[in-house]
Protein chains: 2
Amino acid sequence: MAVTLADVAARAGVSSATVSRVLNGNYPVAGSTRERVQRAVAELDYVVNGQARALAAATSDLVGVLVNDVADPFFGLIASALQAEVGVGAAEPGGKLTVVCNTGGSPEAELTYLTLLERQRAAGVVLTGGAVDSSAHSEAVVARLARLSASGTRIVLCGRPPLTLPGDSGPLTTLAFDNHGGARRLTEHLLSLGHRRIGYVTGPAERSTTGHRLAGHRAALEAHGMGPGTEAGADADQLIVHGGYDRDAGFDATLELLRRDVGVTAIVAANDTVALGVCAALRDRGLSIPGDVSVAGFDDLPFSADASPALTTVRIPLQEAGARAGRLVMGRITPPPGGVATITTELMVRGSTAPPAAARA
Amino acid sequence: MAVTLADVAARAGVSSATVSRVLNGNYPVAGSTRERVQRAVAELDYVVNGQARALAAATSDLVGVLVNDVADPFFGLIASALQAEVGVGAAEPGGKLTVVCNTGGSPEAELTYLTLLERQRAAGVVLTGGAVDSSAHSEAVVARLARLSASGTRIVLCGRPPLTLPGDSGPLTTLAFDNHGGARRLTEHLLSLGHRRIGYVTGPAERSTTGHRLAGHRAALEAHGMGPGTEAGADADQLIVHGGYDRDAGFDATLELLRRDVGVTAIVAANDTVALGVCAALRDRGLSIPGDVSVAGFDDLPFSADASPALTTVRIPLQEAGARAGRLVMGRITPPPGGVATITTELMVRGSTAPPAAARA
DNA sequence: ATGCGGAAAGAAAGCGCTTGCTGTACGCCT
DNA sequence: AGGCGTACAGCAAGCGCTTTCTTTCCGCAT
């Protein structure tokens, strides 16, 4: 059916071994022969069978990237930059295809996709998104990663807590986002504006990112004498609503916060998408931003800068992270010493935060 | 190195053929033998080599999806729904891995990725986004698609103009978005509000979608006696600015429109992302939305409903389209008669459009 | 008893490629 | 002129599976 190496060889009057060598260019072939072969390849419009090649050469043209959901801009940006880095320019050898796997945050799906990628003998796997803090599942994931790693698959963690494989050579290559520092600076910004009653809508409880951001927020409060032991921090729990990483979670959580009537003058959202819901809920209740309540997000997704008012948030250079993860998984750059590189975050102060009404009066 | 079929066979005391049959369940195997094999598989934690299987069985576990850029929510939503449909639940047989290819709208990149997918003998390919109207390139693309199709790769066009392969069995399976109708209804909405000077920011000139939307817009104008031949339509060209599908294009185009000083009371953007830029530019110039100028978009991306004011736009059910494309490319549903299914669009009237100031006065 | 059909398992031939090893022919040295 | 090194090119053995064809073995009817 399809044109094979043998067809090309026959046409060029050489053996298939020679054709293979011309194609891969890793063995001396006389100029005239090479030309003849190349002409035959062109005439027959030959395209190598990647599966046969992979089988014979024990290589793979696939790189997997595990994300919660590509439709979420957070992951979309990472995946896009990764694919651009890993992908090919003009069929350049070494360029890989990017397999996107939506895990929906489910550890089972994560495991399933890891198995599938192992089955395809993927050249590399990038895991993104906060890890799930469930020891049962993370054990299984670690076991799978250990096998993958042992069989030569390069593994990169992006925005996940570092991980060390059992009986292996040091920790996995990791790109860690400075969630703690970013959240801390964000809350400090609100405190410096004069806010004292700051609501906080968390992400999903089981994700590691959620904890890190919340911890940063609390660290800022404590540094200002508003820790849990202090008088000012007495009802700190009342200011926190546990949500999720989607818009509706922000909406609902905000209504809950307002219902509690704890006098918030600012709300920090788990991320920008949540902040969208927070803003929607506030408007729904007739509250102005930042007039009545200031709002801040996290991630600095593309639409945040153009929101009205523009959203104060913490920028994570997601594209840079994706590109870097791509280079790491391709082995184009060497992992940082210790395996962990921290991606710094930057506070973006914009129109959605302002001094509380009381301070302005 | 890795565990192979032979290892499992040896452990179970059977031939590798039997193991293969147990794994694929397409051949009678005695219950006791089956059990023994399954135990061996579990004990050895065997994972089949997908490449070897693909080579022997002439199948593939890969489905490719060509998008402009996954980071763009428009494509992200399609890709996400597609991958969910095509992907696996618990390694269910038949589940495929989704290869995402960012073409950046470049026909060369498109061709390169098609070759790569052919090399991997992909089971299916979904092409999204408006096609590029350049005959030279589209010819090459058509040729590649014809080969892919001939070799059994299922091809689905999603949001692209229908295409018929030379000497083939009818047109390719196509999911066409009703861009024309949507744009027309959108402009009619503005006209019915009383707008007569409606600016229009187009998408990239070479994309087919751009033309379809613009045509719909013009059709609405003509139907209201504002066609190019009429007095009202005399300077129609002045109301149109050619842009692109990104936020900055909308920003720049709007400034240009204002510079022309043609008295627009409403601006229709090529899509929601562009509308974001349009709004930003208007605010930048101190104009209120919709007080001074109404703004409308296209696509109804997730953030549009929560924008402030909420964006009037035309909804394309992108997730539904992606899911349907997934089912088609998997052969789970049969193509519509004639090959072309039209995805209907729906006008979403929201806060960013209102009667012009003059009409309200 | 003999023979026969069918169910289950094995042997082995590929699938299309890569690559170590084996030839072969030429140019050069002594 | 003989021998040897070098530069190419071919042979053939896999890579790990699937699948066709055979074989084996049993139970049953004759």
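1. A quick reminder before the details: a residue is called buried under 20% relative accessible area, exposed over 50%, and partly exposed in between. Keep in mind, too, that this is a predicted model.

2. With that in hand, take A:Asp45. Its relative accessibility is 37%, so A:Asp45 counts as partly exposed. The backbone here deserves a look: phi of A:Asp45 is near 55°, a positive value in a residue other than glycine. You'll find A:Asp45 in the loop of chain A that runs between helix H3 (31-44) and helix H4 (50-57).

3. A:Asp261 is another one to check. This residue is not a glycine either, yet its phi is positive, at about 55°. A:Asp261 sits in the chain A loop between helix H10 (247-260) and strand S8 (266-269). Its relative accessibility is 66%, so A:Asp261 counts as exposed.

4. On to the peptide bonds. In chain A, Ile289 and Pro290 are joined by a cis peptide bond, with omega about 0°. A:Pro290 belongs to the loop between helix H11 (272-284) and strand S9 (294-296) of chain A.

5. Chain B has a cis bond to look at as well: B:Ile289 is linked to B:Pro290 with omega about 0°. Here B:Pro290 is in the loop between helix H11 (272-284) and strand S9 (294-296) of chain B.

6. Last, the annotation. An unreviewed UniProt entry places "domain: HTH lacI-type" at residues 3-57 of chain A. In the model, that stretch of chain A is 71% helix and 0% strand, and its end C-alpha atoms are 20 Å apart.

Note on methods:
Residues are numbered from 1 along each chain as its sequence is written. Chains are lettered from A and ligands numbered from 1 in the order in which they are written. This is a predicted model: local features need pLDDT of at least 70, side-chain atom pairs count only at pLDDT 80 or more; totals for chains, interfaces and linings use all residues. Side-chain values use heavy atoms; hydrogens and water are left out. UniProt positions are given in the numbering used here, feature names are shortened, and annotations may be inferred rather than shown by experiment. Helices (H or I, at least four residues) and strands (E, at least two) are DSSP runs, numbered from the N terminus. Buried means under 20% relative accessible area, exposed over 50%, partly exposed in between (1.4 Å probe, protein chains only).
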